[in-house]
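Below are some notes for reading alongside the sequence and the model. Please check each point against the structure as you go.

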Amino acid sequence: MESTRGDEVAAGEPCVVQGCAIEMPSLRSALELFDAPRTGWVAPTTSVVAGGTTATLTATGACRFEKLRTDARALFRRVDTPDTLPDGARPRLFGGFSFTGTERDTNRTMENEPWAAYPDAHFVLPAVQVSVTSDGTWLTTTALGADAKMKASERLTRWRDRLTAIPEFDRGNPPGVQSQQHTPTLPGWRDGVESVIDRIDRGAVKKIVLAKALSARLDRELSVVDVLARLGESYPGCYRFLFEPAGGATFFGATPERLVSLRGRTVDTEALAGSIGRGETDDEDDWLEQELRKSDKNNHEHDLVVDTIHRQLDSVTDSVETGSRTVRKLSTVQHLQTPIRGTLDGDRHVLELVERLHPTPAVGGLPPVGATRAIEELEGFDRGWYASPVGWMDADGNGTFVVAIRSAVAKATEVRLFAGAGIVSDSNPDEEWDELRLKFRPILDEL
Ligand SMILES: C=C(O[C@H]1C=CC=C(C(=O)O)[C@@H]1O)C(=O)O
């Protein structure tokens, strides 16, 4: 059996791409076939599972977006893709960024540090990529070196045979939770929220999104692939993602929040902030929706996000249009949501927009630098890639990045889940604590 582990791109070497249409049972089964490093990306338009690496790009610190952009452009100049491949089947770089670019302690071990294999920026050009697009399902392989063409073709034949022959894997049951640990606990959370409100009252900040980590020990090893499949049922319409670096923990989630999509000069983004629970009955659900729509606190929290995104896009667009505010209903919560579309003033790379928009005040706060500093001071854990931009980019600089909320990082029988809530001056710590419980539910219910 051929491993998906590819060969790392060496400076200047051309990278050959081969592709063909295939038929296979399901993306989930394909994801089971790949060893780490592997990626899963399930989106409303194109979904992808991928394995192996032909190139890895990494960066650290505050310049991580710019370095990645430069390195991605240089890499794609060497990638030779046949014109016959449809857009969704062309090679893509998949990966993500850490929430902050602040120096992190690299000496921590896997036992206490699930983010050990997650640099500040980490992207992979997969050796094998399977894409489900509006033009059907496609297999794409990449390879390097003098015999790259032959290697990419052989890889294509071997993986086409394997993928078309795979059985539909049975889904296992959730492993069961042995114990849970909350960071912070309720008293610590109350102190944190009071401290944020105090900073707001003093005029230091306007809003801070404070998060909590929930570490769970499981009875058995978790199948993240199964969880991802189940999240598709409980969280339809969300972006589901899975990143599994070699030897590392698996970061996964089902997020309702798209940070940005760029196609040509059209930018799509959104504000998603302000939450309330779901009702037991239709009437109760409608009543809660109306409460959310007229809540000053939630509308204020949401306005801050809309205004900030607008301002951040203003200097790089010819026009920005804000759609109407709607309510996005998910299985356990409903949110205020406003779509925002802009037309760029010229050709730009998706990472330029990612850098501009991250962190939106839906996951960071306002002003961004003060809020990020407060988050680091007040939260007693490393956010790692939680609430960060994760997604893909292609040779044209197009791409889609989502905000990695409703997410968790898992290794064997240990899982750490994350959830945050926007704190403004009239937030109530206990109500925000209850909101976090609702945000943990989709993943926690699958454990
Ligand atoms: C930060 C999270 O949610 C954000 C997105 C939607 C609603 C939010 C809120 O109402 O607080 C948060 O801003 C999270 O789920 O971890």
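1. By class, the shell around the ligand holds nine nonpolar, five polar and three charged residues. The model is a predicted one, and this applies to every point below.

2. Which residues of the shell are closest to the ligand? They are S275, A362, I405, G420 and G422, out of 17 residues that surround the ligand. Two elements give two or more residues to this shell: strand 15 (266–277) and strand 23 (414–423).

3. Strand 12 covers residues 239–244, and six of its six residues are buried, so the strand is largely enclosed by the rest of the structure. Being buried here requires 20 or more other C-beta atoms within 10 Å of a residue's own.

4. The side chains of strand 12 can be sorted by direction. Y239, F241 and F243 point one way, while R240, L242 and E244 point the other way. Both sets are buried, including R240 and E244.

5. Which strands are joined to strand 12 by bridges? Strand 2 (residues 38–42) is joined to strand 12 by five bridges, and the two run antiparallel. Within this pairing, W41 has F241 as its bridge partner. Strand 13 (residues 250–255) is also joined to strand 12 by five bridges, again in an antiparallel arrangement.

6. Strand 12 and strand 13 form a hairpin with five residues between the strands. In this hairpin, G247 takes a positive phi near 70°.

Definitions and conventions:
Residues numbered from 1 in each chain as written. Predicted model: local features only at pLDDT ≥ 70, side-chain atom pairs only at ≥ 80, totals over all residues. Near = placed C-beta within 6 Å. Helix = DSSP H or I, 4+ residues; strand = E, 2+ residues; numbered from the N terminus. Nonpolar A, V, L, I, M, F, W, Y, C, P; charged D, E, K, R; others polar. Buried ≥ 20, exposed ≤ 12 C-beta atoms within 10 Å, placed from the backbone. Pairing = 2+ DSSP bridges.
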